[in-house]
Amino acid sequence: MHKFAHMVTTKLGLHFPPERLAELARKMAPLAKDAGWEELDGYLHWLMSQPLSLEQTKALALALTIGETYFLRDPKSYRAFQQHLLPKLLAAKGSDKSLKIWSAGCSSGEEPYSIAILLTRALADLADWKVTLLGTDINPQALERARCGTYSKWSFRNAPGWLMNYFTQLPDGNYQIEPHIRKMVRFAHLNLVDPGEKTWSQAQGMDFIFCRNVMLYFHPEQIRETVARLHAALNDGGWLFLGPTEVDHQALEGFTCLHCDGTLVLQKRPLPAKAQLSALSGPAVAAPSPFSAQLWSEGAEPGSARKDEAAAEAESPLERAFALYSAGNYEEAARMAMSTPASADKAEALALAARSYANIGRFDPARDCCEAAVALDRLSAPNHYLLSIILEQQGDGEGAVRSLRNALYVDHDFLLGWFALGNLCRQRGELREAEQSFANALRLLQRRDPHEVLPEAEGMTAGRLMQLISDIA
């Protein structure tokens, strides 16, 4: 199983560490049976004894990947795209009326079709534009569903009412996307970790790339190489959307990280001449646990000047600090929060300062502020949780676990605390405690609507978190 897991990482980019080998075996067992093998080991040896064919690679992708998506998922990213970044890019193009957008890891097509619909709403003269909208995925079955353009009600959860204007209801209760929208998108098979696939030649010169929640289970080395290829596929100044929890946005060389309308987005800047396109030369990019400390911006989001004005008009120092924080001005937010006079809000102000310092990578003052906030209000589970995040960033795993246990002592139903503790224990090899922590998180999630967006979870829904836990627990 270890050898086969290594092959899966090499061929597909999917990372199955020792604690996930049982999950890998469960997913491979049906394939072995379908291929006529009574023993899983014999089937795996056979697969590893020769180069994988395209059909075998597609079968593995179908068995091992999860295609969970729906229309207009992550509204913050779409709002940033439609209201801020697209107008900015179009203005910069001038007379050049060409636009290239790539949905990498498009699954059954909801994402590229969402983008196509937004373009029809944003561009009154769309007919005058040469639009290339490419959707790629490693899962051939998902691509077939995408080309059909037929969806059940489940694909429209949390969608606004106007979206249904672009669909026709069928007699069986499903919905067919309008032909003029379907014609805007071209779908193709692509394994993101295989630089030799021909589709890479089609995915060049892009203005926007959406590659969200695709690399959640990639090995760190595969993340580095894949992001480098995405960088090469973008035009200078082009934009890359990644999932909020799958990579460290600030560790990606060749990109400027911006906080735009509540979401993180990366803008391409040229790599140094010595950098290789096949891999990033910067720090290793690890796939962090969801709900790690919010990353800081290297630039202010569009509209931040208006938010700064709102900060100036706020009544109290703490209100001004929150307004500055929302505008992405973390340095000034921390300074303003620290100036809050001693009052009932002092613990809240110190916690805000801690978050602000953490967002710009200043973890020592972040820790000092957070510890002071905890000392003032020892019954605040979120503050203990925040301290655990900061301690983990500083490499103090013992302290991070201790703070999480304090948070759960204060509030035994603190969902994020159980999930974070499960991740930390799993990383430390404490598998029994990790299993119990994940079980507690699942117990709490079962009480929630699967469509509910969890607070402080960067847009992740309760249903998606349940799927993540089920995959790693």
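The legends below describe close-up views of a predicted model. Residues are numbered from 1 along each chain as its sequence is written, and side-chain values use heavy atoms, with hydrogens and water left out. Local features need pLDDT of at least 70 and side-chain atom pairs count only at pLDDT 80 or more, whereas totals for chains, interfaces and linings use all residues.

**View 1. Aspartate 74 in the loop between α4 and α5.** The loop connects α4 (54-64) with α5 (75-93); helices (H or I, at least four residues) and strands (E, at least two) are DSSP runs numbered from the N terminus. Aspartate 74 is not a glycine, yet its phi is positive, near 60°.

**View 2. Serine 107 in the loop between β1 and α6.** This loop runs between β1 (98-104) and α6 (110-122). Serine 107, also a residue other than glycine, has a positive phi of about 55°. Its relative accessible area is 6%, and serine 107 is therefore buried.

**View 3. Arginine 157 in the loop between β3 and β4.** Arginine 157 is buried at 7% relative accessibility. Its side chain reaches the backbone oxygen of tryptophan 154 at 2.4 Å, a polar contact being a pair of N or O atoms within 3.5 Å; within protein, one must be able to donate a hydrogen and the other to accept it, and residues adjacent in sequence count only if both atoms are side-chain atoms.

**View 4. The open three-stranded sheet β3-β5-β4.** The pairing in this sheet is antiparallel; two strands pair if DSSP finds at least two bridges between them. β3 and β4 are the edge strands, each with a single partner, so one side of each has no neighbour in the sheet. β4 pairs with β5 (residues 175-177) over three bridges. Phenylalanine 167 has isoleucine 177 in β5 as its bridge partner.

**View 5. Aspartate 207 in strand β7.** The strand spans residues 206-211, and aspartate 207 is buried at 5% relative accessibility. Leaving aside neighbours within four places in sequence, aspartate 207 is in contact (heavy atoms within 4.5 Å) with residues including Leu89, Lys93, Leu234 and Trp239. The side chains of aspartate 207 and asparagine 235 form a polar contact of 3.1 Å. Alanine 233 lies 26 residues from aspartate 207 along the chain, with 9.0 Å between their C-alpha atoms.

Terms used. Buried means under 20% relative accessible area, exposed over 50%, partly exposed in between (1.4 Å probe, protein chains only).
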